[in-house]
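Subject: Structure for you to look at

Hello,

Here is the structure I said I would pass on. Please open it beside this message, and my notes follow below.

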Amino acid sequence: MTASDTSASGQDPIESWNQLLRPLLKESPDFPKNFLKELQDAKLTFGNRVHCPFLRPFFLSPQDEARVRHATETLARLGERLATAALEDQSLFAQFHLRPEEEGLVRLPAGNGPASTASRVDAFLLPESLKFTEYNGESPAGSGYTETLSEIFRRLPVMKEFAEQFDIHSYPLSARLLDALVGTYRDWGGTEKQPHMLIVDWKEVPTWSEFEILKERFEALRIPVVLADPRELDWDGKTLSAKGKKIDLVYRRVLINDIVARPKECAALVKAYEAQAVCVANNFRCKIPHVKAFFAVLTEQKNASLFSPDELDVIRQHVPWTRVVEDVKSDYQGQPIDLLHHIRINRKDLVLKPSDEYGGTGVTLGWEVAAGDWENAIQSALPGGTSAKEHGCWIVQEKIAMRRGEFPYIGADGKVEFRDMLVDLAPYMFRGKLTGFLTRLSASSLANVTSGGGQIPAFRVHPKQAEKVAGLGNS
């Protein structure tokens, strides 16, 4: 439920939660420290930091969920369709600005199934708007953390009291993710009743603890799982194996950027993929809609004929105006523009970022820098510029309305204070269907865990009937 949204019954879930939390903090001074310890014991850590130093979830209403669902599922559908179309149309493919090494991977035969079995949309949800910032079509992290965090919040004493006033819906992500992965395995042609799964990424990644969470949950659902580094894989020309186990299904968390940068260490995985000896999800075609230039493809007027009227309406409402940074003629709100001139004079309304990075790397917020620094960023982002040589293609994107809210924050001394935070709602999409949310908080304008933000669970809530809250009519 959005911050300014109070139900027809007059119950504001945020106000109700805070009214229940404050006396608990006074009565139980050790509660915040015990909460943080529970997170650590549950492996809810990113490197050495706990994910959630906050004591309030994000609440959304059934109406919020419905509008998010329509928009995000439309976006995921477009990502799949354009990934297929781009491989058949070189002029469309060129608009995504993939590197030659990446093109080589995405054009390998992948077999049947979606490009993005699991994806995530980064977005800001406000009462009057829903705007996307990017589409993570490759290997979105956090579902294991998110589900575990949700379960911990459901057990809090304050939640038990809150549940007397509100109906609360959680999002069971791991079972849905497993269903999606096995569904893709079946589409690909896999026949094993209980396929042996590999979760693969570098041992040193800070999200390794999430793989341990997912392994435990998947195996509880009777799917055997091996966790391994790409360097621990073996390919004998027929079979991919990890730690002596034959692999049928790969849940690929190692990024294509790393596969390109470290080809020898990833050779076994790529060779098995190319031979179609193993199902890999997400497959390499997911790179096409994953790059941020995807939003430029969606919002370029020249591509409008690719979309239905309903899809164009979703794009207009939810996808910010985006262009690849080039010295070209373009359009803005239906009017022709000189793109570089437009970028220069509208600094305070624009963002520059690399098309293919994550964690806020390289992002320049026009409203937070001086004119001279903005000009330097533009020059560096142009083809041949310093930043373009380092990161590849860059995009410019229109500033969108960001959501903020006050959240109870546990400080280093265990004391709780209320802090004003940026709220980024990132819906998870499994095989194109909305399944839950990664919700991140940040004090800065970049909301991501990599840059030091925190995470909270999201719940769909709806006030119970007044008679029921009062203990009447409970039949």
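Where is the place of R431 in the chain? R431 sits in the loop that runs between strand 21 (416-430) and strand 22 (433-442). Please keep in mind that this is a predicted model, and that the values below were computed from it.

R431 has a phi near 50°, which is a positive value in a residue other than glycine. Most residues other than glycine have a negative phi, and most peptide bonds are trans. R431 counts as partly exposed, because its relative accessibility of 33% falls between the limits of 20% and 50%.

The whole chain

The chain contains 18 helices and 24 strands. Its C-alpha atoms fill a box of roughly 65 × 60 × 45 Å along the principal axes. For 475 residues, a compact globule would have a radius of gyration near 23 Å, and the chain agrees with this at 23 Å.

Of the 475 residues, 57% count as buried. Among contacts with a separation of 6 or more, 71% are between residues 24 or more positions apart. The chain exposes about 20000 Å², and 49% of that area is supplied by carbon and sulfur atoms.

As for charge, there are 58 positive and 64 negative side chains. The centres of these two sets lie 2 Å apart.

The nonpolar cores

The largest nonpolar core has 132 residues. The residues with the most contacts inside this core are F35, F96, M197, L240 and L298. Another core, of 17 residues, lies apart from it, and W321, Y332, L339 and A377 are among its members.

Take F96 as an example to click on. Leaving aside neighbours within four places in sequence, F96 is in contact with L82, A86, I288, P289, V291, A293, F294 and V297.

T72 is found in helix 3, which covers residues 62-88. T72 has a relative accessible area of 0%, so it is buried, the limit being under 20%.

L434 lies in strand 22, the strand at one end of the R431 loop. At 5% relative accessibility, L434 counts as buried. Not counting residues up to four places away in sequence, L434 touches E65, V68, R69, T72, E73, R176, P427, Y428 and M429. L434 and T117 are 317 residues apart in sequence, and their C-alpha atoms are 12 Å apart.

S143 is placed in helix 6 (residues 143-154). With a relative accessible area of 3%, S143 is buried. Beyond its neighbours within four places in sequence, S143 is in contact with L173, L177, E210, L214, Y428 and F430.

N18 lies in helix 1 (residues 13-27). N18 counts as buried, since its relative accessibility of 10% is under 20%. With residues up to four places away in sequence not counted, N18 touches R56 and F418.

Two further places in the backbone

Is R222 buried or exposed? R222 is exposed, with a relative accessible area of 63%, because exposed means over 50%. R222 has its place in the loop between helix 9 (208-220) and strand 8 (225-228). Like R431, R222 has a positive phi, here near 75°, in a residue other than glycine.

Which residues does a cis peptide bond join? The bond is between A281 and N282, with omega about 0°. N282 is in the loop between strand 13 (279-281) and helix 12 (287-290).

Regards

Note on methods
Residues numbered from 1 in each chain as written. Predicted model: local features only at pLDDT ≥ 70, side-chain atom pairs only at ≥ 80, totals over all residues. Heavy atoms only, no water. Helix = DSSP H or I, 4+ residues; strand = E, 2+ residues; numbered from the N terminus. Buried < 20%, exposed > 50% of the residue type's maximum accessible area, 1.4 Å probe, protein only. Rg over C-alpha atoms; globule rule 2.2 N^0.38 Å. Contact = heavy atoms within 4.5 Å. Areas by Shrake-Rupley, 256 points an atom, 1.4 Å probe, with all protein chains shown as cover. Lys, Arg positive; Asp, Glu negative; His and termini not counted. Charge placed at Lys NZ, Arg CZ, Asp CG, Glu CD. Core = buried A, V, L, I, M, F, W, Y, C linked by side-chain atoms within 4.5 Å.
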